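Here is a short report on one model. Please look over the sequence and the structure first.

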Amino acid sequence: MSRSVFITGGNRGIGFEIAKAMAEAGDRVAITYRSGEPPAGFLAVQCDITDPEQVELAYKRIEEEHGPVEVLVANAGITRDALLLRMSEEDFADVINTNLTAAYRVAKRASRGMLRARSGRLIFISSAVAMLGEAGQSNYAAAKAGLIGFSRSLARELGSRGITSNVVAPGLTATDMTAVLTEERTKALLAQIPLGTAARPEDIAAAVRFLASDEASYITGAVLPVDGGVGMGH
Ligand code: NDP
């Protein structure tokens, strides 16, 4: 079965692994990139998801080439870490806009076609930090926790139309986002993880592929942790 899949931020990191996993499963995969050369093998649309016009143009292009989006993976995200007293209004707003408001924007647009088709999969990439909190990441944790309430509301709103809405909550994952952490910080984070290592982007992609699969058709409103056990009990 080849579905029209759209992954935001699919040009690198976790999103890129998700794109590969979905393409391997036989889907028609579209990804966004902002600058530079996107990876080959996917329909790559240049799009800053914080810009409503660019999102609309991206959807038009994807719909023309792949048909209405049947699986949306809202993956794109940023961090702007700072302790509260040093966190600027801009750092707070940028993180909320990219991680939460843009997820609303792409999900709303995707839901149009899904409602018409009376089926669809919405998958949001949150974080273990959404439940645990993290010093220096109040903006990021707020956005990622917001995604959970957002997704669960959609699960209730859209469930009767055959649309599922779920969250994947990764823990520390080896990508550019975490490559900037100091060795000391990385060591401290690893010490809290029962499995003792960071996730590979492939680990997150496997969870997303499952939630998008037929096997997961009765799962909605869920938060699936892929975090080596760091958030258990939350
Ligand atoms: P990366 O920093 O490696 O990649 C981020 C991706 O998001 C890039 O593709 C980037 O595009 C895209 N992106 C960011 N802002 C925008 C924007 N305004 N418009 C379009 N695309 C944008 O991060 P990861 O792969 O690690 O993270 C992916 C998701 O997983 C994020 O939501 C992150 O918060 C979450 N996550 C990551 C964890 C980790 O430890 N790595 C842990 C828990 C959650 P571009 O290349 O154009 O900049």
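By class, which residues make up the shell around the ligand? The shell has ten nonpolar, 15 polar and four charged residues. Ala, Val, Leu, Ile, Met, Phe, Trp, Tyr, Cys and Pro count as nonpolar, Asp, Glu, Lys and Arg as charged, and the others, Gly among them, as polar.

## Basis of the model

The model is predicted: local features need pLDDT of at least 70, side-chain atom pairs count only at pLDDT 80 or more, and totals for chains, interfaces and linings use all residues. Residues are numbered from 1 along each chain as its sequence is written.

## Ligand shell

The ligand is surrounded by 29 residues. A residue is near a molecule or strand if its C-beta atom, placed from the backbone, lies within 6 Å of it. Gly9, Gly13, Arg34, Gly77 and Thr175 are the closest. Helix 1 (13-24), strand 2 (28-33) and helix 6 (176-179) are the elements that give two or more residues to this shell. Helices (H or I, at least four residues) and strands (E, at least two) are DSSP runs, numbered from the N terminus.

Seven strands make an open sheet with parallel pairing, in the order 3-2-1-4-5-6-7. Two strands pair if DSSP finds at least two bridges between them. Strand 3 (43-46) and strand 7 (223-226) are at the edges, each with a single partner strand, so one side of each has no neighbour in the sheet. From one strand to the next, the twist averages 20°.

Strand 4 (residues 71-74) is covered on both faces. Val71 and Val73 are buried on one side, Leu72 and Ala74 on the other. A residue is buried if 20 or more other C-beta atoms lie within 10 Å of its own, exposed if 12 or fewer, and partly exposed in between; C-beta atoms are placed from the backbone.

Strand 1 (residues 4-7) pairs with strand 4 in the parallel sense over three bridges. Here phenylalanine 6 stands opposite leucine 72. Strand 4 also pairs with strand 5 (residues 120-125), again in the parallel sense, over four bridges. Valine 73 faces isoleucine 123 in that pair. The chain passes from strand 4 through helix 3 (residues 89-117) to strand 5, and this β-α-β crossover is right-handed. In a right-handed crossover, with the strands pointing away from the viewer, the path from the first strand over the helix to the second runs clockwise.

Eight of the eight residues of strand 6 (residues 163-170) are buried. One side holds Ile163, Ser165, Val167 and Ala169. The other holds Thr164, Asn166, Val168 and Pro170.

Strand 5 and strand 6 run parallel, joined by six bridges. Arginine 121 has threonine 164 as its bridge partner, and isoleucine 125 stands opposite valine 168. On to strand 7, strand 6 pairs in the parallel sense over four bridges. Proline 170 stands opposite valine 226 there.

## Helices on the sheet

Helix 1 packs on the sheet and touches strand 1, strand 2, strand 4, strand 5 and strand 6. Its direction makes about 165° with that of strand 2. Axes are lines fitted to C-alpha atoms, for helices over the stretch in contact, and angles run from 0 to 180 degrees between N-to-C directions. Two residues are in contact if their C-beta atoms, placed from the backbone, lie within 7 Å.

Helix 5 (residues 138-158) lies across strand 5, strand 6 and strand 7. Helix 5 runs at about 160° to strand 6.

Glycine 26 sits in the loop between helix 1 and strand 2. Glycine 26 counts as exposed because 10 other C-beta atoms lie within 10 Å. Not counting residues up to four places away in sequence, glycine 26 touches Met1 and Ser2. Arginine 118 is in the loop between helix 3 and strand 5. Its phi is near 55°, a positive value in a residue other than glycine. Arginine 118 is exposed, with 11 other C-beta atoms within 10 Å.

Valine 129 belongs to helix 4 (residues 129-132). Valine 129 is buried because 24 C-beta neighbours lie inside 10 Å. Leaving out residues up to four places away in sequence, valine 129 touches Glu134, Gln137, Tyr140, Ala141 and Lys144. The C-alpha atoms of valine 129 and glycine 231 are separated by 8.2 Å, with the two residues 102 residues apart along the chain.
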